[in-house]
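Please keep the viewer open while you read.

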Amino acid sequence: MTDHILLVSTDEQARLAMPEVLRRFGYQVTAVADGRDAGRILSCDGPDLILLDDPWPKDVSTDMMEAWAQDLPILVLCGGDGMEAALQALRLGATEFLAKPVDPDELAGAARRIIDNVLLYRRGEFYTSVLRHEAPSLLVGESAPLRRLLADLAAVAATEATVLILGESGVGKEKVAQEIHRLSPRAEGPLVAVDCCSLPETLFESELFGHERGAFTGAAQRKPGLIEQAKGGTLFLDEIGEIPAPSQAKLLRVLETKRFRRLGAATDLQAEVRIVAATNRDLDGMAQRGEFRQDLLYRLNTFVVSVPPLRERREDIPPLVRHFLAHPGLSKRIAKRTSESAMQHLVAYDWPGNVRELRNIVERAIILSGNKLKIDPEHLTLAGTSAVQPTGGVTLRFDHEPTLAEIERRYLQLLLERHDGRRSTVARILGIGERTLYRLLADLKGSSEQGQERGVRGEE
């Protein structure tokens, strides 16, 4: 990928000559004459280096240069009487300066060195973040729905109860199963995951229960099944709604008796395993239609965990994005972050594919942003548009013309629900003290009760 340099210079001759020189060394160069045009390029293109020619444009303020230096390296070119300006630029965060006139080889070499060093620094930041990114839980986030889910998992993990995990595709049902296993007394044992969709019906029982030599054509030797492989640990049956009907009865026997039999065998074996199952299908409806055994469903329903879709826990999107950016398998060894506008797009999107889709979008954004530090909206490949507003957006609906008190009461209720009843958080969002919030809630409660009383009297 060709490195991109943004030249900011009030000197028209320099804006013509320097790009020609640098292009001969393989750089892509964009030259602008003022800070406004530079800001436009920075917002939509994301160069690798800013080349700032002294005297720089008057509209390039110290605040602007300081903001530039937070995201990009700045190489300052200064004349003989511009040393003070160069020192000021260094204090504001510029990377290096060269005295004019500059030798073309020296200029190209300095640009190469600075860009490479910044890339190495970002990689160093990345490796540091990798050391920190391992979460105590495999499920990332701080929202109220996720906290409730984690509390349920902690409670059931310590038992031997069969768990059924329900949730849409992509919500992380396998991560939930891993969390149950991690928190359980069986954590030192194996976790064996079975994708029930991918096993052909003819092989399902052989893979799950195993078989003896000669049990069927091609069975040249004894083969332990997945239940035996998970001995002492957890067997995770993903998409359990896809299990063939004949196998459902045998799985029910395992759950009821903790025993099973290999195909072709004459004796039973002990199923020393805990079973966790998951599905995105409506098992109740399937059972009513005769597509899934009702008695097996009763056994699976011992403890049901419902995983909320991502659109119901939008507060978890920023920490999930940071988690994926720190993941060594995705970030191509560069520490990246999302711009504020990109994060607003991510939070506003409805995520039909849930966490799996978010991970894929982040991975594509990492690739599309190349060596750039920030991921911007143009690097996001979100499907369609979302009607949900960005974080902080609120829609209040009434079936009549509401009074001001009704609007205030509804808004406070919404904020309290969104932030799990944390009044300190709601007060901070509203920009008022907690005492003021308590008084406001009391006043609104009083006006609501008075309104109800008036309504009762009116009916009488």
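## Ground rules

This is a predicted model, in which local features need pLDDT of at least 70 and side-chain atom pairs count only at pLDDT 80 or more, while totals for chains, interfaces and linings use all residues. Residues are numbered from 1 along each chain as its sequence is written, and side-chain values use heavy atoms, with hydrogens and water left out.

## The chain as a whole

The chain holds 18 helices and 16 strands; these are DSSP runs numbered from the N terminus, with helices being H or I of at least four residues and strands being E of at least two. Of its 460 residues, 43% count as buried. Here buried means under 20% relative accessible area, exposed means over 50%, and partly exposed lies in between (1.4 Å probe, protein chains only).

The accessible surface comes to about 24200 Å², and 50% of that belongs to carbon and sulfur atoms. Areas come from the Shrake-Rupley method with a 1.4 Å probe, and for residues only the protein chains shown count as cover. Take the contacts between residues at least 6 apart in sequence: 70% of them join residues at least 24 apart. A contact means heavy atoms within 4.5 Å.

## The largest nonpolar core

A nonpolar core is a set of buried Ala, Val, Leu, Ile, Met, Phe, Trp, Tyr and Cys residues joined through side-chain atoms within 4.5 Å. The largest one has 30 residues, and Ile227, Leu235, Leu237, Ile240, Ile275 and Leu300 have the most contacts inside it. Elements that each supply at least two of its residues include β7 (191-195), β10 (234-238), α10 (245-257) and β13 (274-279). The largest share, four residues, comes from α10.

Not counting residues up to four places away, Thr279 touches Leu166 and Lys173, among others.

Lys173 is also one of the buried residues of helix α7 (residues 173-183), together with Val176, Ala177, Glu179, Ile180 and His181. Their cover includes α6 (144-157), β6 (163-166), β7, β10, β13 and β14 (303-306).

Strands β1 (residues 4-8) and β2 (residues 28-32) pair in the parallel sense over five bridges, where pairing requires at least two DSSP bridges. Val8 has Val32 of β2 as its bridge partner. From β1 the chain passes through helix α1 (residues 12-24) to β2 in a right-handed β-α-β crossover: with the strands pointing away from the viewer, the path from the first strand over the helix to the second runs clockwise.

## Backbone details worth a look

Which peptide bonds are cis? The one from Asp54 to Pro55 is, with omega near 0°, and so is the one from Lys100 to Pro101. Pro55 lies in the loop between β3 (49-53) and α3 (62-71), and Pro101 in the loop between β5 (96-99) and α5 (104-132).

Lys258, a residue other than glycine, has a positive phi near 60° and is partly exposed at 29%. Asn354 is not a glycine either and has a positive phi of about 60°, but Asn354 is buried at 0% and belongs to helix α15 (residues 354-368).
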